[in-house]
Amino acid sequence: MAKRSTLFIRIVEGKNLPIKDITGSSDPYCIVKIDNEAIIRTATIWKTLSPFWGEEYNVDLPPSFRTVSFYVLDEDSLSRDDVIGKVSVSKELLTTKPQGVDGWMNLTEIDPDEEVQGEIHLQISVLGDGDIPRKLCCQVLEARDLAKKDRNGASDPFVRVRYNGKTYESAVVKKSCYPRWNESFEFQLDEMLADSLLSVEVWDWDLVSRNDFLGKVLFNINKLQSAQQEEGWFRLGPDKSKHSEYEGNLGSLRLQLRLRDEVVLPSSHYKPLTELLSQSVGSQLNGNWPDLIMLIDETTTAESRQEVANNLVKLFLGQGLVKEFLDVLFKLELEKTTEPNTLFRSNSLASKSMESFLKVAGMQYLHRLLGPIINRIFEEKKYVELDPSKVELKEAGCAGLHRQQTESDVIQQSSSLLKSYLSELLTSIQQSASYCPLLICQAFHQLYHRVQECFPDPEYRKVKFIAVTSFLCLRFISPAIMSPKLFHLREKHADARTSRTLLLLAKAVQTIGNMDTLTCCSKEPWMVRLQPAIQQGIIQLKDFITKLVSCHESEDLKLETRMCLQCGTMEKEGFLFLHRTKDKCMPMTSPFKKYYVTLSKDTLSYSRTQHYKKSSSISLPNIRAIEKVEEKCFGSANVMQIISSEDSGQLETLYLDCKSVNELNHWLSALRKACSHNTNTMSCYHPGIYKADRWSCCHQKEKTDPGCDKTRHGVTLQEWYDPLDPDLEAQLIYQHLRSVQHAMCDKYYKMRELQGAQETDSITDLKKVDGLTKLISILQDLRDAHAAVEEEERSKNKNVFLELQT
């Protein structure tokens with residue numbers, strides 16, 4: 001049994017943001033934090049007060065998380081970025097809305113006294129007995145992960161302890177977010193106070209300006225007297241007495257959030273459901289119940305269709321039956337379609353499932369296909385415009401030394417550039433038939449021939465090609481061209497000029513995919529300049545599809561190996577800056593060197609170039625911790641460390657410097673997932689570096705001293721290359737089937753009445769009724785298993801509570 005918490009985040013857009021630049025606009029972006037840990041940074045949208053991001057993320061969370069916060073900032077090239085405001089959403093709010101939160105949320109002003117984080121280690125005890133006046137003793141031991149308030153990337157913390165009008169202060173620990181005090185403070189205990197509170201506050205000491213608040217903890221002494229002593233790590237909270245609601249006009253964010261807490265049972269509990277689903281798509285082979293997928297299709301609402309499609313695709317990928325599943329959906333869609341021009345154009349379960357399948361199975365293929373042309377467009381940054389009403393001569397620049405370009409010049413030049421981009425892209429598409437994943441080739445082969453069987457007449461000879469392009473071009477390649485960041489093709493969104501070029505190229509690809517130049521040119525006459533290139537593109541695309549749907553028949557083993565899809569294989573690669581250290585102290589100059597890093601199933605390897613013969617590697621089972629490094633250590637907030645043990649038992653640390661917070665968290669997530677089953681992991685670590693004979697984080701002097709912060713394993717970003725998790729997918733499908741169980745039964749019996757089969761007088765009808773009964777029985781068994789787990793959890797909590805009372 002395992003508990004899984006997953007948060008779906010979609011940062012849609014902002015509106016009415018305040019002006020922060022002298023140009024009368026702003027350059028906004030968002031930072032997403034889970035309990036003060038930054039995990040996501042959106043792209044910067046330049047020169048707008050109503051930015052659109054449309055970025056989606058799925059984040060795996062620890063059950064202990066409390067808040068997700070969205071900070072909106074204005075990017076500045078020459079100075080520090082301006083903070084606009086924030087939106088905070090508590091776990092309690094998300095839990096009370098299982099269908100999710102979707103709407104506009106007002107930005108609020110950021111109060112420094114509320115921006116607190118970290119924990120403090122305290123021992124509070126009541127001393128004395130009998131006639132001797134009792135004393136209250138507060139021992140301040142240490143703190144960890146305090147907020148950074150100074151420009152050097154640290155703080156100068158001290159503790160202020162208050163009780164009954166009396167105040168003590170600890171020593172100041174310079175330049176540390178992990179201070180150690182080991183100081184004790186005693187107060188005369190006042191037995192007469194009805195509501196006696198002990199306040200422990202942490203402050204950042206400043207020589208010139210006022211001290212900065214870092215957080216506080218309050219203790220009820222009356223409750224403490226019965227226990228005599230309390231010790232542990234206590235989370236620092238904000239100063240609620242100073243809290244004030246600011247109702248300024250800071251604009252608002254539109255967010256979509258949904259938290260799912262799932263208890264995943266052992267695999268054996270899901271085996272009957274998985275087998276029944278497998279039989280439903282393999283019905284043409286074994287004659288079992290084929291109506292289950294149809295009932296799921298008919299009863300799934302538009303709001304949940306994408307999620308259900310994702311879960312089903314991943315489950316059938318794990319079972320090796322995704323081709324059969326998609327084929328069942330193709331047949332169901334074709335049975336409902338009378339007009340070929342609308343085939344697969346709606347957001348049906350078939351369309352959503354094929355779209356999900358392409359993203360899971362074809363992302364590496366997409367990167368290889370589009371990477372070169374996308375990079376070329378970003379690097380050239382040419383001004384491209386075909387619509388005369390949108391041509392801006394100032395943006396286009398001069399044609400020569402003194403001659404301003406005319407509108408005709410700009411359109412002619414733009415037409416030539418777009419034809420060049422389109423030609424390069426179509427050539428890449430044609431060549432990609434040799435490396436397209438075999439599973440995708442097989443899926444398109446099924447689709448192509450199913451449509452051909454359904455529409456055999458000569459007048460519909462284009463329909464089988466359009467069916468393939470409706471997914472390949474309209475739902476996969478074109479969206480990736482328009483938004484390369486959302487498909488991980490680029491780190492940042494395109495600027496306005498590049499975005500327009502990408503949009504025009506995507507329009508051309510869509511027109512080729514529709515295989516109809518006349519309709520496009522009638523709607524947008526200025527596209528007629530591309531008509532010869534588009535007509536040639538249609539010929540090239542048909543040739544590519546013909547090769548693609550015949551690839552599965554190839555007996556060339558090398559080709560099959562090259563096109564084989566490795567589902568569930570964790571792979572990540574790219575250039576990073578590395579520094580490796582054993583017992584060496586950190587050098588004064590920058591220690592990082594550029595390496596090509598590859599994360600595979602068993603190792604993390606790195607070499608000077610991608611194909612360099614000599615490389616070094618770390619075995620993943622030897623990794624003890626994967627954590628972030630304090631910004632002050634290297635002057636970068638995007639450095640992580642990998643602590644591993646050698647055969648001799650000696651610890652070795654590898655530092656990786658990433659380009660951005662997103663790249664940092666992608667690598668952290670990938671490595672943490674790859675090492676999730678490691679047994680010899682560390683419980684604490686040093687977030688600083690060992691330099692000048694001491695740790696920069698906590699100032700301990702021995703290199704072997706225990707870490708000053710606890711390791712983190714809970715927060716990870718979901719990626720398309722994540723290993724498949726069949727138990728989790730089965731649990732999510734169970735939850736969906738349970739929610740639509742009654743609707744499925746009603747739909748099934750209505751279908752039988754329409755067919756005039758009220759009497760179960762055939763073997764097929766008996767099998768259908770038996771299949772429905774079996775499904776209901778399986779869902780009931782899973783419901784009982786979850787109820788037993790909940791009862792066991794309640795019993796454990798009750799026993800713990802009784803022990804604490806005793």
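What follows is a set of questions and answers on a predicted model.

Q: How many helices and strands does the chain have, and how much of the chain counts as buried?
A: The chain has 21 helices and 28 strands. Of its 806 residues, 51% count as buried. The accessible surface comes to about 39,400 Å², and 49% of that belongs to carbon and sulfur atoms.

Q: What share of the contacts between residues at least 6 apart in sequence join residues at least 24 apart?
A: The share is 69%. Contact here means heavy atoms within 4.5 Å.

Q: Why is Gln446 called buried?
A: The label buried needs a relative accessible area under 20%. Gln446 has 18%, so it is buried. This residue is in helix α11 (residues 438-454). Neighbours within four places in sequence aside, Gln446 is in contact with Lys323, Asp327 and Phe330.

Q: What makes Arg500 a buried residue?
A: The cut-off is again under 20%. The relative accessible area of Arg500 is 15%, so the residue counts as buried. Arg500 belongs to helix α13 (residues 496-514). With neighbours within four places in sequence left aside, its contacts are Val384, Glu385, Asp387, Lys390 and Trp526. Glu385 is 115 residues away from Arg500 along the chain, yet their C-alpha atoms are separated by 7.6 Å.

Q: Which label does Asp35 get: buried, partly exposed or exposed?
A: Buried means under 20% and exposed means over 50%, with partly exposed in between. Asp35 has 22% relative accessibility, so it counts as partly exposed. Asp35 is found in the loop between β2 (28-34) and β3 (37-41). Its phi is near 50°, a positive value in a residue other than glycine.

Q: Where is His699, and what is its phi?
A: His699 lies in the loop between β26 (694-695) and β27 (709-710). Its phi is positive, about 70°, although His699 is not a glycine.

Q: How do you know that the length of helix α3 agrees with its number of residues?
A: The expected span is 1.5 Å times one less than the number of residues. For the 15 residues of α3 (residues 267-281) this gives 21 Å, and the end C-alpha atoms are 21 Å apart, so the two agree. The helix also has a kink of about 25°, centred on Leu273. Leu273 is among the buried residues of α3, which also include Tyr270, Leu276 and Val281.

Q: What makes strand β10 largely enclosed?
A: Six of the seven residues of β10 (residues 157-163) are buried, so the rest of the structure largely encloses the strand. β10 pairs with β13 (residues 197-204) in the antiparallel sense over seven bridges, and Arg160 stands opposite Glu201 in β13. Four bridges join β10 to β11 (residues 166-169), also antiparallel. In β11, Tyr168 is the bridge partner of Val161. The hairpin of β10 and β11 has two residues between the strands, and Asn164 in this hairpin takes a positive phi near 55°.

Q: Why are β12 and β15 said to stand at the edges of their sheet?
A: The sheet is open, with four strands in the order β12-β9-β8-β15 and antiparallel pairing. β12 (180-188) and β15 (229-235) each have a single partner strand, so one side of each has no neighbour in the sheet. Neighbouring strands here are turned by 15° against each other on average, direction ignored.

Q: How do you know that β8 and β9 pair?
A: Two strands pair if there are at least two bridges between them. β8 (residues 119-127) and β9 (residues 135-144) are joined by nine bridges and run antiparallel. Ile124 stands opposite Cys138 in β9.

Q: What makes β7 and β28 edge strands?
A: Their open sheet has five strands in the order β7-β16-β1-β4-β28, paired antiparallel. β7 (101-106) and β28 (716-717) each have a single partner strand, so one side of each is without a neighbour in the sheet. Within this sheet, 13 bridges join β1 (residues 2-15) to β16 (residues 252-264), and Arg4 has Glu262 in β16 as its bridge partner. Helix α19 (residues 726-739) lies across β1 and β16, at about 105° to β16.

Note on methods
Residues numbered from 1 in each chain as written. Predicted model: local features only at pLDDT ≥ 70, side-chain atom pairs only at ≥ 80, totals over all residues. Heavy atoms only, no water. Axes fitted to C-alpha atoms, helices over the stretch in contact; angles between N-to-C directions. Buried < 20%, exposed > 50% of the residue type's maximum accessible area, 1.4 Å probe, protein only. Bend = angle between axes of the 7 residues up to and from the residue. Areas by Shrake-Rupley, 256 points an atom, 1.4 Å probe, with all protein chains shown as cover.
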